[in-house]
Amino acid sequence: MSIFLRIGCLVVGYLFGLIETGIIYSKLVGIDIREHGSGNSGTTNALRVLGFKAGLITFIGDFCKSFVPCMVTRFIFRDTYPDSYYLLMAYVGFGAVLGHIFPVYLKFKGGKGIATIGGFAASLLHPIFIVILLVVFVGTIFVSKYMSVGSIVLMIGIAGCYIIQTFMGYTCFNLDVPSSKNAFIESSVIVCLLAILAIFKHKQNIIRLLNHTENKFHMKKQEGV
């Protein structure tokens, strides 16, 4: 598997990541989501500012811009690289998240990438782990009342589940084959880097949590500002 193929997957993912669903939807209804609420273009701010419909559309768009290209990558390369195609999916997902968080046409100021990482994770994780993470995510928000806490816990969970499922035999990797094992290690580094990046993007939320000034989660009942 060449370095050029890795770079190609990264670039393709980045281009998909540049599709900022929250900004597109908000401008269609006459506002710029970045000028309201937290100023973020992601799902949480769309929920708070414009309501459930806007939040759902933003989530689906940001989720799909990593999930779809990752699944296409799986389909294209699973026969060519049967014991390592997850690595190429990881590069596509990594690129999509980078495109969402650091969009070049917005001066590298994008969202926090949670929904996009969620789509990436859904393409890689076994369904049982997806269910577990959803329960943990929703449960954490329900108990803590903070979306940021749920997001941080989710990022840690995704990285952990990805590694665990490989040792349980739920991925393409064959750890008895050196090249496949190396591909697993490389992909694990990518997944962990994404988790760290997403948590870093929540640094202000973490500071507010420590200072007990973080806003508890709620969403606007009707669309409008």
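This is a predicted model: local features need pLDDT of at least 70, side-chain atom pairs count only at pLDDT 80 or more; totals for chains, interfaces and linings use all residues.
Q: Which helix does Thr166 lie in?
A: Residues are numbered from 1 along each chain as its sequence is written, and side-chain values use heavy atoms, with hydrogens and water left out. Helices are DSSP runs of H or I with at least four residues, strands are runs of E with at least two, and both are numbered from the N terminus. The element that holds Thr166 is helix 8.

Q: Does Thr166 count as buried or exposed?
A: Buried means under 20% relative accessible area, exposed over 50%, and partly exposed in between, with a 1.4 Å probe and protein chains only. The relative accessibility of Thr166 is 4%, so Thr166 counts as buried.

Q: Which residues is Thr166 in contact with, leaving aside its neighbours within four places in sequence?
A: Contact means heavy atoms within 4.5 Å. With those neighbours set aside, the residues that Thr166 touches are Thr171, Phe173, Leu175 and Phe184.

Q: How do helix 7 and helix 8 run, roughly parallel or roughly antiparallel?
A: Axes are lines fitted to C-alpha atoms, for helices over the stretch in contact, and angles run from 0 to 180 degrees between N-to-C directions. The two helices pack at about 160°, with axes 9 Å apart. Angles under 35 degrees count as roughly parallel, over 145 as roughly antiparallel, 65 to 115 as roughly perpendicular and the rest as oblique. The packing angle therefore makes helix 7 and helix 8 roughly antiparallel.

Q: How many residues of the contact of helix 7 with helix 8 are charged?
A: Helix 7 contributes residues including Phe129, Leu133 and Phe137, and helix 8 contributes residues including Val153, Leu154 and Ile158. Ala, Val, Leu, Ile, Met, Phe, Trp, Tyr, Cys and Pro count as nonpolar, Asp, Glu, Lys and Arg as charged, and the others, Gly among them, as polar. The contact divides into 12 nonpolar and 6 polar residues, and the number charged is none.

Q: Where is Lys145, whose phi is positive, found?
A: Most residues other than glycine have a negative phi. Phi of Lys145 is near 70°, and at 39% relative accessibility this residue counts as partly exposed. Thr140 of helix 7 has Lys145 among its contacts outside four places in sequence. Lys145 sits in the loop between helix 7 (127-144) and helix 8 (147-167).

Q: What is phi of His212 near?
A: His212 is in the segment after helix 10 (203-210) and, at 73% relative accessibility, counts as exposed. Its phi is positive although the residue is not glycine, and is near 60°.

Q: What is the handedness of the crossing of helix 2 and helix 4?
A: Helix 2 (residues 21-28) and helix 4 pack at about 140°, with axes 8 Å apart. A crossing is left-handed if the near helix is turned anticlockwise from the far one by less than a right angle, and right-handed if clockwise. The crossing of helix 2 and helix 4 is right-handed.
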